[in-house]
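Opening the notebook on this one. I'll jot down what I looked up, strands to begin with, then the metal site, then the pocket.

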Amino acid sequence: MQEGQEIPFHSHKIKLEDIINRGGGDLAIEFLEIDNNNKQLSKKITVLVDGEKIELDPHEPLILKKGQSVTVERNIFHRFYSVKGSGMVMAGEVSQVNDDNNDNYFLEQVGRFSQIQEDEPPLHPLWNEV
Ligand SMILES: [Fe+2]
């Protein structure tokens, strides 16, 4: 991840995942929970960092140094990004099978693919354009 890139807040109902800082700079991850009315909860969130329990406030960045990992429990919203000034980060994920179409719940609506304003026919169509 380059500085300024981020994975926006999302959660999974089925997939359990570990996010790993595989190298480079520092990786920040924020967490939050919402209730059934999409209202953000203010209670602390417990996560496992390399197997050790850590309590965080909602939106409090957890900073993972290279080699560290965090387990993201189901239904916990999470966003992650490289820490400004720390350089590029290689973020990895070890998880159950990813079902992009049915198990990604974004806090704010985002598109799966960016919109393209075509000004000529595609030379090499993407899988969803044929
Ligand atoms: Fe995720």
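**Strand 7 and its partners**

I looked up strand 4 (residues 45–49) and found it paired with strand 7 in the antiparallel sense, over two bridges. For my own record, strands are DSSP runs of E, at least two residues long, numbered from the N terminus, and two strands pair if DSSP finds at least two bridges between them. Leu-48 is the residue standing opposite Thr-71 in strand 7.

This is a predicted model, so local features need pLDDT of at least 70 and side-chain atom pairs count only at pLDDT 80 or more, while totals for chains, interfaces and linings use all residues. Numbering starts from 1 along each chain as its sequence is written, and side-chain values use heavy atoms, with hydrogens and water left out.

Strand 7 also runs antiparallel to strand 2 (residues 17–24), joined by four bridges. Glu-17 has Val-72 as its bridge partner there. Is strand 7 (residues 69–72) buried or exposed on its faces? Both faces are covered: Ser-69 and Thr-71 on one side, Val-70 and Val-72 on the other, all buried (under 20% relative accessible area with a 1.4 Å probe, protein chains only; exposed is over 50%, partly exposed in between).

I traced an open sheet of five antiparallel strands, order 6-3-8-1-10. Strand 6 (62–64) and strand 10 (105–106) are its edges, each pairing on one side only. Strand 1 (residues 6–11) and strand 8 (residues 77–82) run antiparallel with three bridges, and His-10 stands opposite His-78 in strand 8.

**Iron site**

Which residues coordinate the iron ion? I get His-10 (NE2), His-12 (NE2), Glu-17 (OE) and His-78 (NE2), at 2.0 to 2.2 Å. Donors are N, O and S atoms within 2.8 Å of the metal (3.2 Å for Na, K and Ca); water is not among the atoms, so sites may look incomplete. The sequence spacing reads H-x1-H-x4-E-x60-H. The geometry is irregular because the four donor atoms subtend angles of 74 to 160°. His-10 and Glu-17 are both buried.

**Second largest pocket**

Among the residues lining the second largest pocket I noted Ser-11, Lys-13, Glu-33, Arg-74, Phe-77 and Tyr-105. A pocket here is an open set of points on a 1 Å grid where a 1.4 Å probe fits, with protein on both sides within 12 Å along at least five of seven lines; lining residues have an atom within 4 Å of a point.

Conventions: Tetrahedral: all angles 85-135°; square planar, octahedral: opposite > 155°, others 65-115°.
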